[in-house]
Amino acid sequence: MNFLRRGIRSAASAVQSRSGCQLYSSAVAGGCERTLVAVKPDGVQRRLVGEIIKRFEQRGFTLVGLKLLQASEGILAEHYHDLRRKPFYPALLRYMAAGPVVAMVWEGHNVVQTSRAMVGDTDSSQAKPGTIRGDLSVHISRNVIHASDSVEGAEREISLWFHSGELISWETSDQSHLFQG
């Protein structure tokens, strides 16, 4: 019996969430990353937010931050700082400020690289079917979604769009019976 209890405790401590992050840990564990994903104004206007969230949830990632906002010029200028010398930069800022944005932080194992693959090529004409842009985007300048391109970029972008108190650490559970009344 004692052996059985030890085995159950060992199995429980090794349980991982669907996102690949260790359960029962409040810190972001090794290999567990966070990334910024933003539904751009065209995606919000076309009512694609639910579809995009569904894809990330089905992939097994954990939503730890979410907000709908009208992005300020300051946030946008800092977010797109690396593109400031590109000829399309002023039009990009106008477009991103033209409507609400849904900013999200997703957590999971290898979430940055996986999110980029899920999102697809920036140019919708080059994006593969099955990717968000391949399925939902209509033009390179209206490509529905943003996802951080590196772990370092994600950390920078998350700190621009979210205060630390707006992010929630929680454990996912496949034990839905725990939530039934």
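The protein chain exposes about 10600 Å². Carbon and sulfur atoms supply 53% of that area. The model is a predicted one. Of the chain's 181 residues, 43% count as buried.

The protein chain contains 8 helices and 4 strands. Along the sequence, these elements follow the pattern α-β-α-α-β-α-α-β-α-α-β-α. Contacts were considered between residues at least 6 apart in sequence. Of these contacts, 78% join residues at least 24 apart.

Helix H3 spans residues 49-59. Its buried residues are Val49, Ile52, Ile53, Arg55 and Phe56. These residues lie on the same side of H3, because they cover an arc of only 155 degrees around the axis. An α-helix has 3.6 residues a turn, so residues three or four places apart point the same way. Several elements cover the buried residues of H3. Among them are the strands E1 (32-39), E3 (101-109) and E4 (145-147). The cover also includes helices H2 (41-45), H6 (111-119) and H7 (132-136). After H3 comes glycine 60. The phi of this glycine is positive, near 100 degrees.

The packing of H3 against H6 was examined next. The two helices, H3 and H6, pack at an angle of about 135 degrees, and their axes are 12 Å apart. The angle therefore makes H3 oblique to H6. The crossing of H3 past H6 is right-handed. On the H3 side, the contact is made by Arg55, Phe56 and Arg59. On the H6 side, Thr114, Ser115 and Met118 take part. Arg55 and Phe56 also belong to the buried residues of H3.

Methods:
Residues are numbered from 1 along each chain as its sequence is written. This is a predicted model: local features need pLDDT of at least 70, side-chain atom pairs count only at pLDDT 80 or more; totals for chains, interfaces and linings use all residues. Side-chain values use heavy atoms; hydrogens and water are left out. Buried means under 20% relative accessible area, exposed over 50%, partly exposed in between (1.4 Å probe, protein chains only). The arc is that of the directions from the helix axis to the C-beta atoms. Contact means heavy atoms within 4.5 Å. Accessible areas come from the Shrake-Rupley method with a 1.4 Å probe; for residues, only the protein chains shown count as cover. Axes are lines fitted to C-alpha atoms, for helices over the stretch in contact, and angles run from 0 to 180 degrees between N-to-C directions. Angles under 35 degrees count as roughly parallel, over 145 as roughly antiparallel, 65 to 115 as roughly perpendicular and the rest as oblique. A crossing is left-handed if the near helix is turned anticlockwise from the far one by less than a right angle, and right-handed if clockwise.
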